[in-house]
Amino acid sequence: MKFSLKPTDPAKLEVDVLIAFCGEKELTAERLSHSPLKFLPKVFLSVIYDEAKRIDFDGEEGEHLVSPTRALIAPFKLQLTGIGKGEK
């Protein structure tokens, strides 16, 4: 198996699923501009924010949100995985 690492914009990766991690309370209206997901285009970030509200995704450890990207970014789907509070 061969691995290579290079800096790139995750939203431009041609992959089936892009997995991103989100801490508890990081995906709120007040924090969207400072979110760890700020690499996402604002239009897609607002879609994810709306979906998170709809399913009560809060970034708690073990929570998941899987969303089709609707061709707003290159990956086919985005999976947000909650990692809980930052103390751990």
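Student: Which residues make the nonpolar surface patch?

Tutor: Patches are made of residues with over 30% relative accessible area and no salt bridge; like charges are joined within 9 Å, and nonpolar side chains (Val, Leu, Ile, Met, Phe, Trp, Tyr) within 5 Å. Accessible areas come from the Shrake-Rupley method with a 1.4 Å probe, and for residues only the protein chains shown count as cover. Here Val17, Ile19, Phe21 and Ile83 make a nonpolar patch of about 370 Å². This is a predicted model, in which local features need pLDDT of at least 70 and side-chain atom pairs count only at pLDDT 80 or more, while totals for chains, interfaces and linings use all residues. Residues are numbered from 1 along each chain as its sequence is written, and side-chain values use heavy atoms, with hydrogens and water left out.

Student: Which strand gives the largest share of the nonpolar patch?

Tutor: Helices (H or I, at least four residues) and strands (E, at least two) are DSSP runs, numbered from the N terminus. Strand S1 supplies the largest share of the patch, three residues. Val17 is found in S1, and its relative accessibility of 40% is why Val17 counts as partly exposed; buried means under 20% relative accessible area, exposed over 50%, and partly exposed in between (1.4 Å probe, protein chains only).

Student: In what order do the strands of the sheet lie?

Tutor: Strands of a sheet pair through backbone hydrogen bonds, either parallel or antiparallel. Two strands count as paired if DSSP finds at least two bridges between them. The three strands form an open sheet in the order S1-S3-S2, with mixed pairing. S1 and S2 are the edge strands, each pairing on one side only. On average, neighbouring strands of this sheet are turned by 20 degrees against each other, direction ignored; axes are lines fitted to C-alpha atoms, for helices over the stretch in contact, and angles run from 0 to 180 degrees between N-to-C directions.

Student: How many bridges join S1 to S3, and how many pair S2 with S3?

Tutor: S1 (residues 17–23) runs parallel to S3 and is joined to it by seven bridges. Among the partners, Cys22 is bridged to Gly82 and Gly23 to Gly84. S2 (residues 64–68) pairs with S3 over five bridges in the antiparallel sense, with Leu65 opposite Leu80.

Student: Is S3 largely enclosed or open?

Tutor: S3 (residues 77–84) is largely enclosed by the rest of the structure, because six of its eight residues are buried. Helix H1 (residues 42–55) lies across S2 and S3, running at about 135 degrees to S2.

Student: How many salt bridges does a search of the whole structure find?

Tutor: A salt bridge is a side-chain nitrogen of Lys or Arg within 4 Å of a carboxyl oxygen of Asp or Glu. The search finds two. In one, the closest N and O atoms of Lys25 and Asp58 are 3.0 Å apart. Lys25 lies in the loop between S1 and H1 and Asp58 in the loop between H1 and S2, so this pair ties together parts 33 residues apart in sequence. Arg70 and Glu51 also meet in a salt bridge, at 2.9 Å from N to O. Glu51 is buried, with a relative accessible area of 10%, whereas Arg70 is partly exposed at 48%.

Methods: Contact means heavy atoms within 4.5 Å.
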